[in-house]
Amino acid sequence: MRTLTTTEELAAFCADAAAAPYVTVDTEFLRERTYYSKLCLVQLAFPGAGDENAVLVDPLAEGLSLDPLMMLFRDTNVVKVFHAARQDLEIFYIDHGVIPTPLFDTQVAAMVCGFGEQVGYETLVKRICKASLDKSSRFTDWSRRPLTDAQKTYALADVTHLRGIYEYLAAELDRSGRARWVAEEIGLLMDPETYTTRPDEAWARVKTRSTSPRFLAIVRALAAFRETYAQSRNIPRNRVFKDDALSELASTKPQTMDDLGRSRLLLREARKGPIAEGILDAVKTGLDCPKDALPRPDIGREQLQVNPALADLLRVLLKARTESSGVAARLIAPAADLDAMAAGLRDVKALTGWRREVFGADALRLCEGKLALAVKGRDVEVIEL
C-alpha cells in the first residue's frame, strides 16, 4: 500500500495515470467540527490487478501540493470515476476551484442499471466484484497520523474495487444505450452552482410553520448572518445556533441582550459577544425590511389541489415503468413530482430529458385520459384509449 507524501511522487503517479483511460477517486475527510470539509486522504487507482496502480495520497503531509492531481482532473482524455461523488467534488471545488472532467458516478449509473435507489458501494462490491469489505475503519479519525494498516486497507479498497464496478457499469450502459441518461444526471454534479452556498439564500433551507412575510424576513436575515458567521470562522452552522433557535428568535424578535437571555433554545455562547450582536442586528434588519422586499414563500405547491385518484394511477404507472426499465423509481420521479402532475402542473423534472422517454410521455397521456392501466397476472399493462 503506497502512500504518497511528496509533490514529486504525486506528479509521477499522475503522469502514469494520464496514459490510462480512467482513474478511480475517493476521499476521506472530516466535517463534524468545521463548516468546510477537511480533506484528510485521497485514494487513486487506474487499471491494473489488485493494489497495482493504486495509491493513497496524504494531503496533510508537509509540503505536498495537490496541483498535479488538479492537472489530471482537468485532463479530458481520462475519465474520473467516483461513487456518490457530490461530497468529494465539493471538496475539490471549494479548495481548488476544480471539478474533475469527464466525470462518471457509479451510484448514478447503478440506479440506471437496475441496482435500486442510492445503492451503496459495499452492495456493488458484493454484487459485481463478488468481494466483501471490512467497514470497521469507516468512522475513524482520518486526520490522525500515522494511519493504521486497517485504515489504509479500507481506504484503498474504495478505489481498487471501483475499477471493476466502473467497467461493468460502463459496458452495461453501452449495451442498453443509456449512457446519455447518466450523462444528463452527471451534468448537475458538474455545475459549480451545486457547491455554492450563498448566505442570502440560506433561509430557504429552514423549515418553519409560519408563512408570514415579516416573520420570513427575520428568518432570512438570521439565516444569512448564521451562514456568514459559520463560513468566516469555518465552524458548523449549528454551532452558531440551531434551526429551532432560529425559528424561536424570529417569533420572539429580541431587541436587547436581556431579551436574548430569555431564549429557551439559544446556546449559552450565542447570548453574548459577536453572535448575540449579529442576532440583534439580523432581527432589526428583518423588522426594518421594506414591504416590497419581504420574502414571498412559494406556497403554490403546498396548496395544490391534487387529484388523489390520478396520483395513485401515476404511482402505478411509475411502478410498472420502473419494473420494465430497471431504473430506480426515485430517480425517475419522486412523489412530489407525481402529486404536482396530478394537480395539473407540468414544470416537473419527470417530464424532461430521458425521464420523459421512460415515464413522462405516458404519464402525460394518462393525465389526459389517453391511456388506461390494466392488471394482467402480476403485471400492469398500458392500454391505448
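## Strands, helices and a surface patch

Val 316 lies in helix α13, residues 308-325. This is a predicted model: local features need pLDDT of at least 70, side-chain atom pairs count only at pLDDT 80 or more, and totals for chains, interfaces and linings use all residues. Residues are numbered from 1 along each chain as its sequence is written, and side-chain values use heavy atoms, with hydrogens and water left out. Helices (H or I, at least four residues) and strands (E, at least two) are DSSP runs, numbered from the N terminus.

Val 316 counts as partly exposed because its relative accessibility is 34%. Buried means under 20% relative accessible area, exposed over 50%, and partly exposed in between (1.4 Å probe, protein chains only). Together with Val 375 and Val 380, Val 316 forms a nonpolar surface patch of about 230 Å² accessible area. Patch members have over 30% relative accessible area and no salt bridge; nonpolar side chains (Val, Leu, Ile, Met, Phe, Trp, Tyr) are joined within 5 Å, like charges within 9 Å. A salt bridge puts a side-chain nitrogen of Lys or Arg within 4 Å of a carboxyl oxygen of Asp or Glu. Areas come from the Shrake-Rupley method with a 1.4 Å probe; for residues, only the protein chains shown count as cover.

In α15 (residues 335-342), the buried residues are Asp 337, Leu 338, Ala 340, Met 341 and Ala 342. Just after α15, Gly 344 has a positive phi of about 100°.

Strand β3 (residues 38-45) is mostly covered, with seven of its eight residues buried. Its pairings are tabulated here; two strands pair if DSSP finds at least two bridges between them.

| Pair | Bridges | Direction | Bridge partners |
|---|---|---|---|
| β3 and β4 (residues 54-57) | four | antiparallel | Val 42 with Val 57 |

Ser 137 sits in the loop between α5 (121-128) and α6 (149-176). Ser 137 counts as buried because its relative accessibility is 5%. Beyond its neighbours within four places in sequence, Ser 137 contacts Trp 142, Ala 150, Gln 151 and Tyr 154. Contact means heavy atoms within 4.5 Å.

An unreviewed UniProt entry annotates residues 212-293 as "domain: HRDC". Such positions are given in the numbering used here, with shortened feature names, and annotations may be inferred rather than shown by experiment. Over residues 212-293 the chain is 68% helix and 0% strand. The end C-alpha atoms of that stretch are 13 Å apart.
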